[in-house]
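Subject: Handing over a structure, with notes on what was found

Dear colleague,

Please look at the model first and then follow the notes in order.

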Amino acid sequence: MGLEPVDAGPGGFKAALGSLAASVTVVTLRDGEGRPLGMTATAFSSVSVDPLLILVCVNRSTRTYEHIAGSGRFGVNVLGAVAREISDHCARPGADKVLRPDWLARWDDWRSPALAGALAFLDCEVDRDVHAGTHAVLIGRVHGIGLSSAGAHHEPLLHFRGAYRQLRARHHHPRPRPLPITLEESA
C-alpha cells in the first residue's frame, strides 16, 4: 500500500480529510425565537480539561454561525447509531434545521438543546471565536455534561469516506490447540 499524489485543491483536501474515521456530532442551538436547531459537524475536538474546553468549526456564512455568534451558546451532541435520522436532517444544506420535539432530551439545567439519541452532550458557552478562512473555530467552555444512560449498549454513529460506518465486533475465537500428550500415551 502506497500513497499517490492528488490535486492539492478543495477536492483532494476533502478526500484526504474523509479518510479520517470520525464520530458524528450535531451542534445544537436556539434561534432568536427560541426554536431548537441543529447542524451536523465532523470538525469537533477536546481542547482542555482545566478549564473544560472543546472546539467546533462552523462555516461563517451559515445561519448556524449567526445564531451562535448572537447568543454565545451551543451544545455538542456525540451521536449514537440510533440517531442517524437526526444527523441526516441536520446535514441538509440550506434552511435552518428545526429539531423535532421527540428528538430532544429533557433537562432544564442546560441552555442548549440536547438530543435524546446522543451518547454524550456538552452544553457550552463561546469562550473564543477565531476566524480561520471560511470558518470560525469556536472554542466552547463546557458548563454542563450529559451521558447516555444506555452507556456501552449503544454504538456510536461514525463517518468515513462519505458514508456512515459501524464498529465491527471482533469475536475472539481461539484456535484449537492439540492436547499435550507424550509418545507413550499415543501407543
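In what follows, a residue is called buried when its relative accessible area is under 20%, exposed when it is over 50%, and partly exposed in between, with a 1.4 Å probe and protein chains only. By that rule Ser-87 is buried, as its relative accessible area is 1%.

Please bear in mind that this is a predicted model, in which local features need pLDDT of at least 70 and side-chain atom pairs count only at pLDDT 80 or more, while totals for chains, interfaces and linings use all residues. Residues are numbered from 1 along each chain as its sequence is written, and side-chain values use heavy atoms, with hydrogens and water left out.

The overall picture comes first. The protein chain has four helices and 10 strands, where helices (H or I, at least four residues) and strands (E, at least two) are DSSP runs numbered from the N terminus. Along the sequence these elements follow the pattern α-β-β-β-β-β-α-β-α-β-β-β-β-α. Of the 187 residues, 35% count as buried. Taking contact to mean heavy atoms within 4.5 Å, 64% of the contacts between residues at least 6 apart in sequence join residues at least 24 apart.

In α2 the buried residues are Thr-64, Tyr-65, His-67 and Ile-68; seen down the axis of α2, they fall within an arc of 160°, so they line one face of the helix. The arc is that of the directions from the helix axis to the C-beta atoms. The buried residues of α2 pack against β2 (25–30), β3, β5, β6 (73–79), β7 (118–132) and β8 (135–147), whereas the face turned away from the buried side carries the exposed residues Glu-66 and Gly-70. After α2 comes Gly-72, whose phi is positive, near 75°.

In α3 the buried residues are Ile-86, Ser-87, His-89 and Cys-90, and seen down the axis of α3 they fall within an arc of 165°, so they too line one face of their helix. They pack against β2, β3, β6 and β10. Ser-87, already mentioned above, touches Val-24, Val-26, Thr-40, Leu-79, Leu-157 and Tyr-164, not counting residues up to four places away in sequence.

Thr-28, in strand β2, is buried with a relative accessible area of 0%. What joins the side chains of Thr-28 and Asn-77? It is a polar contact of 3.1 Å, a polar contact being a pair of N or O atoms within 3.5 Å of which, within protein, one must be able to donate a hydrogen and the other to accept it, and where residues adjacent in sequence count only if both atoms are side-chain atoms.

Gly-144 and Asp-109 are 35 residues apart in sequence and 8.0 Å apart in space, C-alpha to C-alpha. Not counting residues up to four places away in sequence, Gly-144 touches Trp-110, Phe-121, Leu-122 and Asp-123.

A cis peptide bond, with omega about 5°, joins Asp-50 and Pro-51, and Pro-51 is found in the loop between β4 (44–49) and β5. Arg-161, in the loop between β9 (158–160) and β10 (163–165), has a phi near 50°, a positive value in a residue other than glycine, and at 55% relative accessibility Arg-161 counts as exposed.

With kind regards
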